[in-house]
Amino acid sequence: MHLENKTICVIGLGYVGLPLAVEFGKIFETIGLDIDQQRISELVNHFDRTLEVDSDGLKAAAKLRFTSDPSEIQKASIFIITVPTPVDQFNNPDLTPVRKATETVARNLKVGDIVIYESTVYPGVTEDYCVPILEKISGLTFNQDFFCGYSPERINPGDKHHTLTKIRKVTSGSTPEIAEEVNNLYGAIITAGTFKASSIKVAESAKVIENAQRDINIAFVNELAKIFNLLKIDTSEVLEAAGTKWNFLPFKPGLVGGHCIGVDPFYLAQKAKEVGYHPEIILAGRRLNDSMGSYVATQFIKLLIQSERKIKGQDVLVLGITFKENCPDIRNSRVIDIIRELESYEMNVHVYDPWANKDEVQHEYGITLIDNLEEIEKYQGIIAAVGHDQLLDLQIPSGENGPIVYDVKGIFPKEKMYARL
């Protein structure tokens, strides 16, 4: 494949799509398509609200242009779909974004084009769900007129060390020849190297189990945290001691949210149920991790009662609402479970997060973030839910009348806390 003659189109310019478009745009003619016109306007002015790519990085992609108009992608011959794959209110996979992106590509598909999916899906979505849509709308024949590939995204939002080019990339294609072409395409930008999977379904499966594995491991240490709390043993100290063995995995308890670990296992579970298997461990891990927000709130309420503090109508502070530290991403943040549980006790919950966008938080959760911590002494209690670097040196009033502190992330010295997960 003569890559220098190809135009690449990346559909979906979020945490996954933008870094990818930028890297390709440094070498190849690249079009970045997103339906959010405000997002496009910001990117044209070299601003990325996700903070994944800085202004200089955007400027370096000299061959990249942005658009919200699907008609402008017709000249592309390689389409890469990087849209979100969420779950609905019942935790069933919602393929609506993938379907709509596929329909957009299908209307612009030409003979010889390649469609590559990066969105996390369960095995079979590319060939069994997306290909029929591409064929029906375009009138073209799969693996004769057009081809497909799958290369799972491995973006870790907020991580400035494990960035796109430094993470080995799994690739695949619908024919051996296309698999080689897709592999070469990514090999042009991924300095860490690539791994060519034997089939699209293998690549889809590899992606979905990566995060399911992390989910199950975190669920295990979350369950340990509950057990050790009953035994009045410090979980962090236990994990530190156990971690002295060379093959002990360094997982820590906490809230499991975000667009990957808290979602992907449901995609694998859905496919397993379709073929008649009920996945016990995967779903058990999901249930346990989804219970942690309520658990934290309940433990916090117990601390307030034990300290003879009032509950109803009292002001409490939650530090952080993003799904992880040092990242503005609020998607599927399980901190909201803590907040809603505290609100059910009719407490006045105030939320501070130096990373989160106030408008996004208001739109997504109906919560108005406070601007500063100048009146921190007024709170009956504080829950440190997210370990942003800006919070590490926070001075919390001590003494009998000081706030009760529950530290989910272990960001404060032990002597300054009443309890930690």
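Two strands are said to pair if DSSP finds at least two bridges between them, and strands (E, at least two residues) and helices (H or I, at least four) are DSSP runs that are numbered from the N terminus. The model is predicted, so local features need pLDDT of at least 70 and side-chain atom pairs count only at pLDDT 80 or more, while totals for chains, interfaces and linings use all residues. Residues are numbered from 1 along each chain as its sequence is written, and side-chain values use heavy atoms, with hydrogens and water left out.

**View 1. Strands S11 and S12 run parallel to each other.** Strand S11 (residues 381-384) is joined to S12 by four bridges, and within this pairing Gly381 stands opposite Ile404 of S12. Strands of a sheet pair through backbone hydrogen bonds, either parallel or antiparallel.

**View 2. Strand S12 (residues 404-407) is covered on both of its faces.** Ile404 and Tyr406 lie on one side and Val405 and Asp407 on the other, and all four are buried, a word that here stands for under 20% relative accessible area (1.4 Å probe, protein chains only). In a regular strand the side chains alternate between the two faces of the sheet.

**View 3. Strand S13 (residues 419-420) runs parallel to S12.** Two bridges join these strands, and Asp407, one of the buried residues of S12, has Arg420 in S13 as its bridge partner.

**View 4. Five strands form an open sheet in the order S10-S9-S11-S12-S13, with parallel pairing.** Its edge strands are S10 (348-352) and S13, each of which pairs on one side only. Further in, strand S9 (residues 315-319) is connected to S11 by four bridges, and Leu317 stands opposite Ile382 in S11.

**View 5. Helix H11 (residues 292-306) packs on the sheet.** The helix touches S9, S11, S12 and S13, where contact means heavy atoms within 4.5 Å. The direction of H11 makes about 155 degrees with that of S12; axes are lines fitted to C-alpha atoms, for helices over the stretch in contact, and angles run from 0 to 180 degrees between N-to-C directions.

**View 6. Residues 317-414 carry a domain annotation in UniProt.** The unreviewed entry lists this span as "domain: UDP-glucose/GDP-mannose dehydrogenase C-terminal", and such annotations, given in the numbering used here with shortened feature names, may be inferred rather than shown by experiment. The span is 18% helix and 16% strand, and its end C-alpha atoms lie 19 Å apart.

Key. Buried < 20%, exposed > 50% of the residue type's maximum accessible area, 1.4 Å probe, protein only.
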